[in-house]
Amino acid sequence: MEQEAWQILIVEDDQRLAELTREYLESNGLKVAIESDGAKAAARILKEQPDLVVLDLMLPGEDGLSICRKVRGQYGGPILMLTARTDDMDEVLGLEMGADDYVCKPVRPRVLLARIRALLRRREGHAEVGVESQRRLQFGQLVIDSAMREAWLREQSIELTSAEFDLLWLLAANAGRILSREEIFTALRGIEYDGQDRSIDVRISRIRPKIGDDPMHPRLIKTVRSKGYLFVAEAAEGLS
């Protein structure tokens, strides 16, 4: 029943592909709209505020990276980026611009639906590893609220993408425990880690300065060589 309310906006210039995708997603209970013009996409995303955007990288008018960068500060929903290119740099750039997930074309409809549902589920309840569910965590002057999906440092709101918030919450909720990339990937994406995806590392590097951690010599979110990442609660007491 809840899925019927999800509104998806597909930004894709291949009209046939967009229509086939819409037909499949709507047959699975989602509401889908299509925008084929990149130049109009940003304004439409901000006006309609869909629950999720499927955004093609290569578009006429304005490319997906530019659109993502333009809307990210005013659009809080997940952005799933699609591209026919397989360059790792495209993936990293997409994530740095604020995309929440990244899928290479051609993508099977079932896989796309699974990725969309995983992103939407994160807006409802968030995966945690080994801890009981909590609504708010506080470490010194850093506050993270899962119900509001917001975080504050010294009472100042921190600008986080949906994916960055989920990763920060997961690490903070498991403070003191090393989480492997495999654990993080499975918890947040619902699929097994392939050993190649760099999204976790990119997001960690973006989160650190936002929460007052030193990117060059991190003390709050530490990289544990060959093991994963560790959120050090005690280090938050010294955040300046």
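## Helix 3 against the sheet

Contact here means that heavy atoms lie within 4.5 Å. In this predicted model, helix 3, made of residues 64-71, lies across strand 3 and strand 4, and it runs at about 170° to strand 4.

The open sheet is formed by 5 strands in the order 2-1-3-4-5, and the pairing is parallel. Because strand 2 (31-35) and strand 5 (101-104) stand at the edges, each has a single partner strand, and one side of each is left without a neighbour in the sheet. On average, neighbouring strands of this sheet are turned by 20° against each other, with direction ignored.

Strand 4, which covers residues 79-83, pairs with strand 5 in the parallel sense over 4 bridges, and Leu80 stands opposite Asp101 in strand 5.

## Asp56

Asp56 has its place in strand 3, which spans residues 52-56. An unreviewed UniProt entry carries the annotation "modified residue: 4-aspartylphosphate" for Asp56. Asp56 has a relative accessible area of 3%, and because buried means under 20%, Asp56 counts as buried.

Not counting residues up to four places away in sequence, Asp56 touches Val11, Glu12, Asp13, Gly64, Leu82, Thr83 and Lys105.

## Cysteines

The structure holds 0 disulfides. Cys68 has 0% relative accessibility and therefore counts as buried, whereas Cys104, at 33% relative accessibility, counts as partly exposed, because that class lies between the limits of 20% and 50%.

Notes:
Residues are numbered from 1 along each chain as its sequence is written. This is a predicted model: local features need pLDDT of at least 70, side-chain atom pairs count only at pLDDT 80 or more; totals for chains, interfaces and linings use all residues. Side-chain values use heavy atoms; hydrogens and water are left out. A disulfide is a pair of cysteine sulfur atoms within 2.5 Å. Buried means under 20% relative accessible area, exposed over 50%, partly exposed in between (1.4 Å probe, protein chains only). UniProt positions are given in the numbering used here, feature names are shortened, and annotations may be inferred rather than shown by experiment. Helices (H or I, at least four residues) and strands (E, at least two) are DSSP runs, numbered from the N terminus. Two strands pair if DSSP finds at least two bridges between them. Axes are lines fitted to C-alpha atoms, for helices over the stretch in contact, and angles run from 0 to 180 degrees between N-to-C directions.
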